[in-house]
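Student: Could you walk me through one part of this model in detail? I'd like a close look at the ligand site and a residue of interest.

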Amino acid sequence: MTQEYYRHLYVVIEQIDGKILPVSFEMLGEARRLFDDFNARYSSNEKVVAIILGHNIKEMSKELIAYGADVVVSVDHPEVKDIRNIIYTKIISQISTDKEIASKIEPSYASEFKKPRYMFFAADSIGRHLSSTVLVELDSGLASDINKLVIRDLEVTHQIKTAGKPVNFKKTLEMYRPDFSGFLWTTILCLDNRNNPVIERDYSPQACSIIAGAFKPISPDPKRIGVIVDYVPKIDEKDLRVKILSRKVIESEVDFESRRAVVGFGRGIKDAPEKNIKLVEEFAKHLDAEIGISLPISKNVYPASPSISSTYMIPARVIGTSGRKISPMLYVAFGISGASQHVTGMEDSEFVVAVNPDENSPIKDQCDIFIKGRMEDIIPLLLEELKQQQQVVQA
Ligand SMILES: Cc1cc2nc3c(=O)[nH]c(=O)nc-3n(C[C@H](O)[C@H](O)[C@H](O)COP(=O)(O)OP(=O)(O)OC[C@H]3O[C@@H](n4cnc5c(N)ncnc54)[C@H](O)[C@@H]3O)c2cc1C
């Protein structure tokens with residue numbers, strides 16, 4: 001049997017104020033599915049290892065096991081109550097290379113163990129930052145914003161990595177990322193350098209950040225058995241120089257939760273941004289709907305008056321993987337093409353209407369009613385109809 005220095009799949013969990021974030025359960029769900037298959041295919045006994053940091057978090061380890069973790073490495077310490085990147089990076093890196101922890105995870109692999117085989121982080125503002133700094137410490141590569149994963153053996157020929165010769169890379173994690181407005185996939189691989197003595201080296205863990213909503217959690221099973229490892233971190237005084245003196249959670253001024261309808265608009269406003277947004281505004285008012293946008297709109301690339309841009313072209317209104325996930329009774333999408341990152345944010349809406357002149361636009365497959373046409377032509381017609389209906393209801 002060849003030596004294997006890299007074992008297990010480590011999932012970095014995020015919790016805020018004692019609540020585990022949904023994306024963490026989603027990552028565990030995908031880790032469980034991948035590793036049930038992995039262990040069966042490769043006749044191995046590698047583990048899904050959840051890493052959680054916080055204070056007074058004892059109960060969470062059981063929850064993580066119910067959601068698919070085989071092992072939870074828990075760091076319960078007042079200094080890690082809230083995220084501070086320097087400390088979190090050091091502790092997660094310590095855990096990832098610690099032989100004693102490895103022996104508690106799976107004793108039969110512990111003597112050769114060097115680092116995790118794979119590692120998952122959330123692709124949110126915390127996870128994106130943390131994944132980059134942890135992977136620098138662990139001296140390996142990172143793929144960001146992933147929403148599909150496959151593990152398989154691959155034959156790869158690469159001019160530099162394999163010196164032009166075909167090499168079989170076993171147990172490779174194929175990390176898929178939606179690119180080109182979400183309509184094409186990029187497959188990212190983190191491969192060792194082989195066959196080329198000048199640059200020969202390993203790259204492990206194969207790591208990625210995962211976008212929220214991409215995977216489903218498994219149904220929690222409170223009877224699942226797992227191992228809990230309490231880790232006492234080595235914290236250096238000099239790493240405590242950044243102090244959190246107070247913490248304020250800013251509530252979003254955009255209310256997607258309590259409104260029954262949401263109206264979204266995207267780059268389809270381009271021919272007359274100000275006029276089109278005013279039409280959307282009037283339409284939303286009649287429906288008592290909140291207004292959402294696609295991501296490009298938040299970049300303020302369309303000329304509009306300061307009051308319109310500061311009210312509507314803002315990140316808080318973005319629907320999708322980089323913004324909010326909504327689930328209203330009615331979602332009306334004006335001038336939105338239906339890129340996968342946007343769809344992830346609105347697919348739980350009960351009823352969807354899309355207005356778009358392009359009937360090949362992917363939003364057509366995501367809606368219950370597709371109205372082919374330009375928003376500047378269609379919204380006035382919809383408004384007229386709405387006003388008439390409201391008069392009937394009031395009479
Ligand atoms: C890591 C990453 C994360 C991302 N996260 C998000 C996210 O959270 N949310 C998000 O939305 N996007 C996100 N994106 C961007 C996403 O890939 C798309 O680029 C974006 O959703 C496209 O926005 P759009 O539909 O407004 O524009 P386009 O794709 O340009 O579509 C505009 C649509 O308007 C139609 N149109 C044209 N003229 C009119 C008219 N007069 N009336 C009506 N319709 C018209 C066109 O036919 C077209 O279908 C992300 C991308 C990446 C790489």
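Tutor: Happy to! Contact here means heavy atoms within 4.5 Å. This is a predicted model, where local features need pLDDT of at least 70, side-chain atom pairs count only at pLDDT 80 or more, and totals for chains, interfaces and linings use all residues. Residues are numbered from 1 along each chain as its sequence is written, and side-chain values use heavy atoms, with hydrogens and water left out.

Let's begin with Gly292, which sits in strand 14 (residues 290-293); strands are DSSP runs of E with at least two residues, and helices are runs of H or I with at least four, numbered from the N terminus. Gly292 counts as buried because its relative accessibility is 0%, buried being under 20% relative accessible area with a 1.4 Å probe and protein chains only. Leaving aside residues up to four places away in sequence, Gly292 touches Phe256, Val262, Val263, Gly264, Phe265, Arg317 and Ile319. Its C-alpha atom is separated by 12 Å from that of Arg259, 33 residues apart along the chain.

Now to the ligand. Polar contacts are pairs of N or O atoms within 3.5 Å. A backbone N or O atom of Ser322 is 2.7 Å from a ligand oxygen, and a polar backbone atom of Thr321 is 2.9 Å from a ligand oxygen. On the side-chain side, an N or O atom of Lys270 lies 3.3 Å from a ligand nitrogen.

Methods:
Polar contact = N/O pair within 3.5 Å; in protein donor to acceptor, adjacent residues only side chain to side chain. Buried < 20%, exposed > 50% of the residue type's maximum accessible area, 1.4 Å probe, protein only.
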